[in-house]
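Please look through the entry below before reading my notes.

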Amino acid sequence: MRTFEELYAIAADRKGGPEALEAMLPAPLPQEALQNTTDDRWLATMAKCIFQAGFNWKVIEAKWDGFEAAFDGFDVARVGFYHDEDLDRLLGDERIVRNGQKIQAVLENARFLMDLAKENGTAARFFADWPVTDQIGLTKIMSKQGSRLGAMTGQRTLREMGRDSFILTTDVLARLTAEGIIDASATSSKAQTAIQSAFNKWMAESGRGLTQISRVLAYSV
């Protein structure tokens with residue numbers, strides 16, 4: 001397993017030098033800003049990532065104003081108490097992509113966020129305060145207690161919301177495999193523990209967060 005400095009050098013060489021690479025590395029939101037994000041934006045982002053999964057992203061983007069209107073601005077309390085009549089309404093709403101399972105997932109995730117808010121004041125505070133050294137634990141909660149938030153959908157949600165996070169893209173997995181951290185699959189508990197440990201080591205070495213380390217790994221392939 002290479003040091004972060006070695007991987008950074010590979011990525012910089014492939015992207016035109018350190019200055020060019022740095023310009024490509026996004027910064028996550030500060031914790032306070034993440035804590036103050038409203039829960040409706042968490043639900044909206046979950047919904048967008050769910051509907052984009054396996055679908056044409058541009059179509060979802062083009063329809064997004066319609067999604068916002070159809071789901072009452074993703075107000076968590078309102079969506080969490082939708083009934084069968086609301087589901088029927090959404091299934092007939094041409095402003096959105098009428099996928100019944102994904103619509104149902106939005107309703108279930110509103111209830112998931114409501115539960116988090118009861119325990120933490122807001123769901124946003126739960127996501128902001130979860131230790132950055134245990135993203136695997138956070139995504140497991142999202143997968144088990146939320147709906148259709150497993151694998152990259154949950155990871156993309158965290159990244160889109162500005163939480164410091166890694167995304168296990170094809171390129172990132174290729175680098176993790178090349179470094180001997182995983183054999184190829186990232187789904188087993190053993191592999192996920194190894195992935196988190198590697199990212200934690202690189203964070204300690206570099207002083208950087210998961211978002212930038214994840215990008216450097218991807219750019220090094």
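1. Basis. This is a predicted model, in which local features need pLDDT of at least 70 and side-chain atom pairs count only at pLDDT 80 or more, while totals for chains, interfaces and linings use all residues. Residues are numbered from 1 along each chain as its sequence is written, and side-chain values use heavy atoms, with hydrogens and water left out.

2. Secondary structure. The protein has 14 helices and zero strands. Helices (H or I, at least four residues) and strands (E, at least two) are DSSP runs, numbered from the N terminus.

3. Overall dimensions. The radius of gyration is 19 Å, close to the 17 Å that the globule rule gives for 221 residues, so the protein is as compact as a globular protein of that length. That radius is taken over C-alpha atoms, and the globule rule is 2.2 Å times the number of residues to the power 0.38. Along the principal axes, the C-alpha atoms fill a box of roughly 55 × 35 × 30 Å.

4. Of the 221 residues, 48% are buried (under 20% relative accessible area; exposed is over 50% and partly exposed in between, with a 1.4 Å probe and protein chains only). Among contacts (heavy atoms within 4.5 Å) between residues at least 6 apart in sequence, 66% join residues at least 24 apart. The protein exposes about 10,700 Å², and carbon and sulfur atoms supply 50% of that area. Accessible areas come from the Shrake-Rupley method with a 1.4 Å probe; for residues, only the protein chains shown count as cover.

5. Helix 13, length. This helix covers residues 189–206, which is 18 residues, and reaches 26 Å from its first C-alpha to its last, close to the 26 Å expected at 1.5 Å a residue. The expected span is 1.5 Å times one less than the number of residues. After helix 13 comes G207, with a positive phi near 75°.

6. Helix 13, faces. Which residues of helix 13 are buried? They are A191, Q192, I195, Q196, A198, F199, W202 and M203. Seen down the helix axis, these buried residues fall within an arc of 160°, so they line one face of helix 13; the arc is that of the directions from the axis to the C-beta atoms. K190, T193 and A204 are exposed on the other side. The packing partners of the buried residues are helix 1 (4–14), helix 10 (135–145), helix 12 (170–178) and helix 14 (210–219).

7. Aromatic rings. Rings of Phe, Tyr and Trp (its six-membered ring) pair if their centres lie within 6.5 Å; planes under 30 degrees apart count as stacked, over 60 as edge-to-face and the rest as tilted. The count by this rule is eleven aromatic pairs. One of them, F67 with F71, is stacked, at 6.5 Å centre to centre and 5° between the planes. F67 counts as buried because its relative accessibility is 0%, and F71 counts as buried at 0%. F126 and F127 form an edge-to-face pair, 5.3 Å centre to centre with 75° between the planes. F126 is buried at 11% relative accessibility and F127 at 0%. Ring pairs also link F51, W64, F67, F71 and F74 into a cluster.

8. T211. This threonine lies in helix 14. With 3% relative accessibility, T211 counts as buried. Not counting residues up to four places away in sequence, T211 touches P26, P28, R159, R163, D164 and S165.
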